[in-house]
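Reader: I would like to go through this model step by step, with the criteria behind each value stated as we go. Please show it first.

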Amino acid sequence: QDTLSLPNVARMRRLQFAPGAPHPGALLGLTIRHESRYYGALWVAYDRPRNFSEEEIRFLTTLSGEAALAATSARLYATAEVGRQRLESVLASTPEPVLVIDENARLLLLNPAAVQVPGLILSAIEGRPIQEVVGPKDLVELLTVPLTERISSREINLGNGKIYYASVSLVVAEGRSVGRVCTMRDITHFKELEQLKSDFVATVSHDLRSPLTLMRGYATMLQMVGDLNDQQKGYVRKIVSGVENMTRLVNNLLDLGRIEAGIGLQIERVVVNEIASDVINSLQLQAVQKDIHLSQELVGTNKNLVVDADRALIQQAMYNLVENAIKYTAVGGQVKVRLENRHATVLVEIHDTGIGIAPLDLPHLFEKFYRSGRREAYQQRGTGLGLAIVKSIAERHGGRVWVDSQLGKGSVFSLEVPCEQFQKPDGNKG
Ligand SMILES: Nc1ncnc2c1ncn2[C@@H]1O[C@H](COP(=O)(O)OP(=O)(O)OP(=O)(O)O)[C@@H](O)[C@H]1O
Ligand SMILES: [Mg+2]
């Protein structure tokens, strides 16, 4: 029952009032209720007994209904406020910078960690365009360019020795994008370690090269200073071959270190089909020795294919790929270098009719020191660095490398290099 009407209170003997308090003549009580939740009661008292008209009751019921609605809103607001405060304290205690912008690229919120990063925030005023809020241009770009993937990330160099890794993703509410959230991670330490590693590799491989040259020199000279018997000749061959293996490893390490560190990258206009010809010429002898037909094909054009790149590195990448193709193809096979201009890139494909690659090996092929455990592959000498170098070179140029292969039938390695380099050669590409 939502309404209690007592037209004559004096007749209700069981009703007690506090001593000294005025005694009402009539009372009307109404519940303050919204759906199944009770907030309280509304009491209306009259000095004298009275019969409540239907109209009066209706009016007071409406009033209590309004009160219930107000109480409900207050309660919802309090719940929302608790939620908001909770979220705010989570953000506030997150040690990593977080910032949120709306769909017009204006600042919505920012956590204290973001404000504390020197050189990151220019002004932390809500509603300001992001260009006025954050300092680094790279970050502004990351926050404003159209997102092609769900999350897009980039390294942000703050210029004060600190490097952050920023990831931006869309904030989606009810199926549509309402802004973007950006989280940042301090990767300065990792970068320093990476640098240390590169320095180490460079120094060590350089210091290893000189004694190796010495050893190879003296080993080959042994047979010049006096006759050797067959057994001695055999030993010398083993020494020379071991030294050559090691030299290759050291050279590869040195290259990889240099490429990864991005030292001395010289970007110029290079003609890819000319480089391909050079590579084919320099490997022709190896191909002839295995009776492999080595050829080049320019697809869909007879013009030169030009890219902005480091000539020596592109040459090295192609060399490694063609060398592999010859190495892992049986006598009498075919290796073809196919060049094509595709969109704003040059695509180089190296087709071979070789031993192919097992599905198990495919995901690891471009890792450092990875060599297939299959007998046909392992018979060939190698360090397992050739493809890691190709990958590094491709990435340095904003390109990529991948492989399609059929076991026992052959492989196609594809190297894609963008025609133009937008970033500076020493830019911090991820
Ligand atoms: N064209 C190919 N056909 C079949 N297998 C290949 C081919 N190219 C590479 N592989 C496989 O991938 C592995 C890694 O190649 P990668 O060039 O990195 O090293 P590698 O040739 O063994 O040594 P190196 O560092 O001297 O080049 C090879 O050991 C081989 O198993
Ligand atoms: Mg190789």
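Reader: Is serine 5 buried, exposed or partly exposed, and at what relative accessibility?

Author: In this predicted model, local features need pLDDT of at least 70 and side-chain atom pairs count only at pLDDT 80 or more, while totals for chains, interfaces and linings use all residues, and side-chain values use heavy atoms, without hydrogens and water. Residues are numbered from 1 along each chain as its sequence is written, with chains lettered from A and ligands numbered from 1 in the order in which they are written. Buried means under 20% relative accessible area and exposed over 50%, with partly exposed in between (1.4 Å probe, protein chains only). Serine 5 therefore counts as partly exposed, at a relative accessibility of 35%.

Reader: Which residues is serine 5 in contact with, leaving aside its neighbours within four places in sequence?

Author: Serine 5 is found in strand β1, residues 3-6, where strands (E, at least two residues) and helices (H or I, at least four) are DSSP runs numbered from the N terminus. Contact means heavy atoms within 4.5 Å. With neighbours within four places set aside, the contacts of serine 5 are Leu27, Leu28 and Phe52.

Reader: Which element supplies the largest share of the shell around ligand 1?

Author: Ligand 1 is surrounded by 22 residues, a residue being near a molecule if one of its heavy atoms lies within 4 Å of it. At least two residues of this shell come from each of α8, α10 (386-396) and β15 (410-418). The largest share, 3 residues, is supplied by α8.

Reader: How much of the accessible area of ligand 1 does the protein cover?

Author: A polar contact is taken here as a pair of N or O atoms within 3.5 Å, and an oxygen atom of ligand 1 lies 2.8 Å from a side-chain N or O atom of asparagine 324. A backbone N or O atom of glycine 386 is 2.9 Å from an oxygen atom of ligand 1. With accessible areas from the Shrake-Rupley method and a 1.4 Å probe, ligand 1 has 600 Å² on its own, of which the protein covers 98%.

Technical notes
Polar contact = N/O pair within 3.5 Å; in protein donor to acceptor, adjacent residues only side chain to side chain.
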